[in-house]
Amino acid sequence: MDKVCAVFGGSRGIGRAVAQLMAQKGYRLAIIARNLEVAKAAAGELGGDHLAFSCDVAKERDVQNTFEEMEKNLGRVNFLVNAAGINRDSLLVRTKTEDMISQLHTNLLGSMLTCKVALKTMIQQQRGSIVNVGSIIGLKGNSGQSVYSAGKGGLVGFSRALAKEVARKKIRVNVVAPGPIEQMWIKSLCILTSLGQCCE
């Protein structure tokens, strides 16, 4: 099986660190971000034949088009990392409705949409692995982050349910919930382990 991985949110933070480790392990990577130039810069730093794509994960048509382009240029995606996310800290009574919607669309709906499209290929192949990047805030909550917590907490429930849906198809679905640790490589290693590829 070709090692083709799509890293949504791969241009910065945890997604970028994961992409760097996966490139070292011989994966062909698609680095996806809203800003294509930023994604290209991140992909270029990896060397090799990795590609960059622009996508707003909250838009289903965008997600579908991005997967079609990835398959055309890299091959079938059999590993998916959902690290795209936004955070607009504020007490709930001060939070604008549009900020609530944008956070939930990016942090929860976006991962649902990418998983939905990726699974079509994975089910055909009877193999695949997905890791959704949550947050400890989604498990414990935090003052001023109620909306962010709701999205990340929802991602945990979604990932657990989806794992049960597709396990018989030999597809793994995991969610990691990192806290505020400084060593980005530790978070990245957790994600690689969840993909089941740490020792390859």
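User: What makes Asn35 a cap of the N-terminal end of helix 2?

Analyst: In this predicted model, a side-chain oxygen of Asn35 lies 3.0 Å from the backbone nitrogen of Glu37.

User: Which residues of helix 2 are buried, and why are they placed on the same side?

Analyst: Helix 2 spans residues 36–45, and Ala39, Ala42 and Ala43 are buried there. These residues cover an arc of only 100 degrees around the axis, which puts them on the same side of helix 2. On the other side, Glu37, Gly44 and Glu45 are exposed.

User: What do the buried residues of helix 2 pack against, and what follows the helix?

Analyst: The buried residues pack against helix 1 (13–24), strand 2 (28–33) and strand 3 (51–54). Helix 2 is followed by Gly47, which has a positive phi, near 70 degrees.

User: Why is Asn78 called buried, and which backbone atom lies 3.1 Å from its side chain?

Analyst: Asn78 has a relative accessible area of 1%, and buried means under 20%. The value is under the limit, so Asn78 counts as buried. Its place is in the loop between helix 3 (60–73) and strand 4 (79–82). The backbone nitrogen of Val4 lies 3.1 Å from a polar atom of the Asn78 side chain, which is within the 3.5 Å set for a polar contact.

User: Gln126 and Lys170 both have a positive phi; how is the exposure of each one classed?

Analyst: Phi is near 60 degrees in Gln126 and near 65 degrees in Lys170, and each is a residue other than glycine. Gln126 is found in the loop between helix 4 (97–125) and strand 5 (128–133). Its relative accessible area is 31%, between the limits of 20% and 50%, so Gln126 is partly exposed. Lys170 lies in the loop between helix 6 (146–166) and strand 6 (171–176). At 60%, Lys170 is over the 50% limit and therefore counts as exposed.

User: How do you know that Arg88 and Asp99 form a salt bridge, and where in the chain do the two residues lie?

Analyst: The closest N and O atoms of Arg88 and Asp99 are 3.8 Å apart, and the rule asks for a distance within 4 Å. The pair therefore qualifies as a salt bridge. Arg88 is in the loop between strand 4 and helix 4, while Asp99 is in helix 4, 11 residues apart, so the pair is said to link distant parts of the chain. Arg88, at 38% relative accessibility, is partly exposed, and Asp99, at 23%, is partly exposed as well.

Definitions and conventions: Residues numbered from 1 in each chain as written. Predicted model: local features only at pLDDT ≥ 70, side-chain atom pairs only at ≥ 80, totals over all residues. Heavy atoms only, no water. Buried < 20%, exposed > 50% of the residue type's maximum accessible area, 1.4 Å probe, protein only. Helix = DSSP H or I, 4+ residues; strand = E, 2+ residues; numbered from the N terminus. Arc of directions from axis to C-beta. Contact = heavy atoms within 4.5 Å. Polar contact = N/O pair within 3.5 Å; in protein donor to acceptor, adjacent residues only side chain to side chain. Salt bridge = Lys/Arg side-chain N within 4 Å of Asp/Glu carboxyl O.
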